[in-house]
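Subject: Structure handover

Hello,

Please find the structure below. My notes on it follow.

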Amino acid sequence: MEYTNLIGRRHHEQLVVEHKDTAAVYGSGALEVFATPAMIALMEKTCLMAVCDKIGEGNTTVGIAVNIKHLKASPVGATIRCESVLTEVDRRRLVFEVKCYEGEILIGEGVHERFVVDSEKFMGKL
């Protein structure tokens, strides 16, 4: 299946930071602020959802690389918006530009790569 027609596809997701999303809970830090791993999970979800209904029945995407900068801390209760755009396709490898905002303030940005896989075959290899 050809995926280059998906270049430019955009998607956004948002969440309100809860205690479970904090660095203190994730163990990635000691403070009650939005954890970098939680931000990366939101970024991955946003990219997944951007293409999940366009890659063929029985297929999904798996994350294979992240290169992310977490630029600003956000407190519990903050609303975080993540935006993704598919910028590159190399056969089954999809490259996304991702950004997270708290209001209008950029709090994180980077590049996330995903790979299209046949779900059944992928799980059969485990």
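Among contacts (heavy atoms within 4.5 Å) in the protein chain between residues at least 6 apart in sequence, 66% join residues at least 24 apart.

Before the rest, the conventions. This is a predicted model, in which local features need pLDDT of at least 70 and side-chain atom pairs count only at pLDDT 80 or more, while totals for chains, interfaces and linings use all residues. Residues are numbered from 1 along each chain as its sequence is written, and side-chain values use heavy atoms, with hydrogens and water left out.

Overall dimensions. A compact globule of 126 residues would have a radius of gyration near 14 Å, and the 15 Å of the protein chain agrees with that. The radius is taken over C-alpha atoms, and the globule rule is 2.2 Å times the number of residues to the power 0.38. Along the principal axes, the C-alpha atoms fill a box of roughly 45 × 35 × 20 Å.

The accessible surface comes to about 7,200 Å², with 52% of it belonging to carbon and sulfur atoms; areas come from the Shrake-Rupley method with a 1.4 Å probe, and for residues only the protein chains shown count as cover. Of the 126 residues, 34% are buried (under 20% relative accessible area; exposed is over 50%, partly exposed in between, 1.4 Å probe, protein chains only). There are 15 positive and 18 negative side chains, and the centres of the two sets lie 3 Å apart. Lys and Arg count as positive, Asp and Glu as negative, and His and the chain ends are not counted; the place of a charge is NZ of Lys, CZ of Arg, CG of Asp or CD of Glu.

Secondary structure. The protein chain has 3 helices and 5 strands, in the order β-α-α-β-β-β-β-α from the N terminus. Helices (H or I, at least four residues) and strands (E, at least two) are DSSP runs, numbered from the N terminus.

Strand pairing (DSSP finds at least two bridges between the strands). β2 (residues 59–70) and β5 (residues 105–118) pair in the antiparallel sense over 11 bridges, and T61 stands opposite V116 in β5. β4 and β5 are also antiparallel, over 10 bridges, with R93 opposite F115 in β5.

R91 lies in the loop between β3 (79–90) and β4 (93–102). Phi of R91 is near 55°, a positive value in a residue other than glycine. R91 is exposed, at a relative accessible area of 69%.

Regards
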